[in-house]
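Please read them alongside the sequence and the coordinates.

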Amino acid sequence: MSTVIHHLPEEVANQIAAGEVVQRPASIVKELMENSLDAGATELTVLIQDAGRTSIQVIDNGCGMGPEDLPAAFARHATSKLQSADDLFALQTMGFRGEALASISAVSHASIRSRTVHETVATELSCDGSQLGQPKKVAGSIGTTITAKNLFFNVPARRQFLKNDAIEFKHISETFTAIALAHPTLKLQLKHNGKDVWLLDAGNARQRVAQILGKKANERLVPVEEYTDVVKTEGFVLRPEHARKTRGDQYLYVNKRPIRSGYLHRAIVEAFEGLIPTEHHPAYVLFLAVPSDRVDVNVHPAKTEVKFEDERAIYAILRSAVKRALGIHQVAPTLDFETNLQQHVDLDAQPIPAAPSIQVDPTYNPFHATPSTRSKGYTSPSAGATARESFDFFAPPSSPNSSQGAWDFESTAGTDTRPESSGFCVFLAPHFAVSSLKSGLVTVHIPRAQKHILHQELIEALHAKERLTSQTWLFPEAFEVATSAHWSDWVDILPRLGFQWEHSSEGLNMTAGPHFLAASEAMDWLHDLLRAAPEEEEKALETYVLARLDHWSTTAPIPTGGDLQTLVDRLFACENPWTNAQGKPIARILDGATLAAQFA
Ligand code: ADP
Ligand code: MG
C-alpha cells in the first residue's frame, strides 16, 4: 500500500458523506422537506413511488432558487444558511451543513426544478451520481421541486440493505408526520404510488395533533404549557386513560426539530407514574424551545440527537410541566364531566352499527379436517374438559434413551407410525389419547398436540402457504392505526394470521381474528404483536409470533370421538409429531418391546 496522501475525488467524498446523510429513503424525505421549510414554503407535497426506491419528489411553493444558484445547491458544503462558525450557535434554519443535496445526488438520479419571483420560467438541473447535467429552461410555478430517482442505483450494497417497502414507507410516513406536527400552518400532502396517505390542511397546533393522532384525540388532549428561562415547553399529552399498550405516538421536539432522547422520554413517563397501568405508554407531542446557544444540534448529520447545556434542569422542568398539566386538568382518576359529555356527543354522532349476523356451524371443530376445508363458523366445544399444560407428562418407566429405543424419534423411523384409520382412538384421563398403529400403539399428550398443530398452522400462515382460519366476531373491535407505530409492518402479515378488518371514519374496525382466540384475546394478541416491528428474518418473526401465542393458547377443550382421531391424524401430518419446540414429548410409541421392558 502506498503512503501517499491525496484528496479523495469529490464523487467519492460525496458518497461517503451520503452514507451518513442518506441512510434510507426517509432520510431524503426529511432533508427535502426541511429545505422546503427553510425556503419559507406554505404548501408542500411529497410524492413517493415504491417506498422511495423508484422516486421521491418534494414540491414546495417556497422562495425558489435562481438559475445561477442551482449548480451550487448540489455542491458539498454549499449552503445559503450559514456564513461563519458563529452562526452555528444561533441557528434559525433546519439545514446548515450544505450536505444534503450533494449527498442525495451522489446516490440517485437527482434533479432540481426551481423558480424565484424574479423569473418568468423555471430552471431544471439534473445531477446523476454527482455528475451535473446542463441547466434547462422549463415551465414551472414559483417554488422548488426536487426529485431523487432510482435510489442507490450506483451503490448496490446499500440498495440491497433496504428493508421491505412496508418498513421503508413506514419510516417515510413517520418522518412526514413528525414534521407535520411541528408545522401546523403548513398545508401538507403525502402520496404513495399515486394514493393519498396524508392530506393535511393548515390549522393550529391542536388541530394538527388531532389530524395526526386521530379525530378522537382532540377531546383527549391535555395542553402542556410551561415557560422558564431555561426552556419553554408547549404541546399536548393524551389523557392517561387513553394510554395504549403499543408505544406509538411519542413526539418530542427541540426548537421544532424532532429529536430522540431516552433521557427526556423518561421525564415524561415519570410524570405519568401512577396514572397509567404498567406496560402502557403515554402519548405526547411536546415542543421544547431552548435558546439556540444552549443546545447543540450538530451532533450527527441525521440530527435527531441533541446536546443540552442544562440537561438535568430540562429533565426536571419537563417532568413537572407534564405533571402540572395533568394536575390542572384533573386527570387523576376523578369524575370528569367534561369528558363524559364529550364522549356522549361523540356517541350520538356515530350511527349505531347493526349487529352483524352470525353463522354457527354446529359441526365445526378447529382441529377437524385440513385448514383449507374448514368452515368459517365457530361453535362452543362439544367436550367440557379443559386441558392445561401444567399437567406433567407421566414419566415413562423406561428411560427415553433405553436400548429398546422405542421412545426415541430416531429409532421410530422404521416403524409405520401412521395411525390406523380402521383402528381406535381413546381418551385416557387426564389428557392423553391412545391410538392404534399398524405396529403398536401411540400415546399422545393432547394439549401439547393441540398447541403443536396450532404452531404448525401459524408457521405455514407466516410462510404464506396457508391462511389461518378466521373467526368472525359478533361485535367488531375498534382499532386506531394511529396508535400503532408498527401497523404498516404488520399489515400484510395480519390477514394470514386470521385478522380481518374494515375501514371506518375513526380508523379500523377489526371484524375477525384467528379461530382459536376470543375477540378480546385476539385484540390483546394483536396489541402484543404490534409492540415490535416484525423482523425481516422469517425465523425471527416465527419465534416472535409463537412466543406471543403461547401466552394466549394455554387452554383448549379436549376433543372427543372422531375429533380425537382427527387431532391425532393432524398431529402426525406435522413435520415432527414427536417433540415440541421446548423439546418435550408430544407423542410416544408403545410397542411390544416397550411393554416387554415394563414387564421385565
Ligand atoms: P443546507 O440545507 O444544509 O443548506 P442542502 O444541501 O440541503 O444544504 O441545500 C443546499 C442549498 O440549496 C440550501 O442552502 C438552499 O440555498 C438551496 N435549497 C435547497 N432546497 C431548496 C428549496 N426547496 N428551496 C429553495 N432553496 C433550496
Ligand atoms: Mg438542507
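1. Ala51 sits in the loop that connects strand E1 (43-49) to E2. The model is a predicted one, and in it Ala51 has a relative accessible area of 0% and is therefore buried, the cut-off being under 20%. Leaving aside residues up to four places away in sequence, Ala51 touches Pro25, Asp165, Glu168, Phe169, Ile172 and His192. The C-alpha atom of Ala51 is also 8.2 Å from that of Asn193, although 142 residues separate the two along the chain.

2. Ser55 belongs to strand E2 (residues 55-60). Is Ser55 buried or exposed? Its relative accessibility is 10%, so Ser55 counts as buried. With residues up to four places away in sequence not counted, the contacts of Ser55 are Leu47, Ile48 and Gln49, together with Thr147, Ala148 and Lys149.

3. For the protein chain as a whole, the secondary structure comes to 16 helices and 25 strands. Of its 600 residues, 48% are buried. Contacts between residues at least 6 apart in sequence join residues at least 24 apart in 69% of cases. The chain exposes about 29,700 Å², and carbon and sulfur atoms supply 53% of that area.

4. One open sheet has 5 strands in the order E10-E11-E14-E12-E13, and its pairing is mixed. Strand E10 (221-227) and strand E13 (257-258) are the edge strands, each pairing on one side only. Within the sheet, strand E11 (residues 232-238) is antiparallel to strand E14 (residues 284-289), with 6 bridges between them. Gly235 is placed opposite Leu286 of E14.

5. Two helices pack on this sheet. Helix H7 (residues 205-213) touches E10, E11, strand E12 (250-254) and E14, and its direction makes about 40° with that of E11. Helix H9 (residues 311-328) touches E10, E11 and E14; the angle between its direction and that of E10 is about 135°.

6. H9 also packs against helix H8 (residues 262-271), at an angle of about 30° and with the axes 8 Å apart. Because angles under 35 degrees count as roughly parallel, H8 is roughly parallel to H9. The crossing of these two helices is right-handed. On the H8 side the residues that meet H9 are Tyr263, Leu264, Arg266, Ala267, Ile268, Glu270 and Ala271. Their counterparts in H9 are Glu311, Arg312, Ile314, Tyr315, Leu318, Arg319, Val322, Lys323 and Leu326.

7. A further open sheet consists of 4 strands in the order E18-E19-E20-E25, with antiparallel pairing. Why do strand E18 (425-428) and strand E25 (587-590) stand at the edges? Each has a single partner strand, so one side of each is left without a neighbour in the sheet. On average, and with direction ignored, neighbouring strands here are turned by 25° against each other. E18 and strand E19 (residues 432-437) run antiparallel and are joined by 4 bridges. Leu428 has Phe432 in E19 as its bridge partner.

8. Helices H11 and H15 both lie across strands of the sheet in point 7. H11 lies across E18, E19 and strand E20 (440-445), at about 75° to E20. H15 lies across E18, E19, E20 and E25, and runs at about 100° to E18.

9. The two helices also pack on one another. Between helix H11 (residues 446-462) and helix H15 (residues 561-573) the angle is about 55°, and their axes are 10 Å apart. That angle makes H11 oblique to H15. Their crossing is left-handed. H11 contributes Ile446, Ala449, Gln450, His452, Ile453 and Glu457 to the contact, and H15 contributes Leu564, Leu567, Arg570 and Leu571.

10. Helix H13 (residues 519-529) is mostly covered, with 8 of its 11 residues buried. Which residues of H13 are buried? They are Ala519, Ala522, Met523, Trp525, Leu526, His527, Asp528 and Leu529.

Conventions: Residues are numbered from 1 along each chain as its sequence is written. Chains are lettered from A and ligands numbered from 1 in the order in which they are written. This is a predicted model: local features need pLDDT of at least 70, side-chain atom pairs count only at pLDDT 80 or more; totals for chains, interfaces and linings use all residues. Side-chain values use heavy atoms; hydrogens and water are left out. Two strands pair if DSSP finds at least two bridges between them. Contact means heavy atoms within 4.5 Å. Axes are lines fitted to C-alpha atoms, for helices over the stretch in contact, and angles run from 0 to 180 degrees between N-to-C directions. Buried means under 20% relative accessible area, exposed over 50%, partly exposed in between (1.4 Å probe, protein chains only). Accessible areas come from the Shrake-Rupley method with a 1.4 Å probe; for residues, only the protein chains shown count as cover. Angles under 35 degrees count as roughly parallel, over 145 as roughly antiparallel, 65 to 115 as roughly perpendicular and the rest as oblique. A crossing is left-handed if the near helix is turned anticlockwise from the far one by less than a right angle, and right-handed if clockwise.
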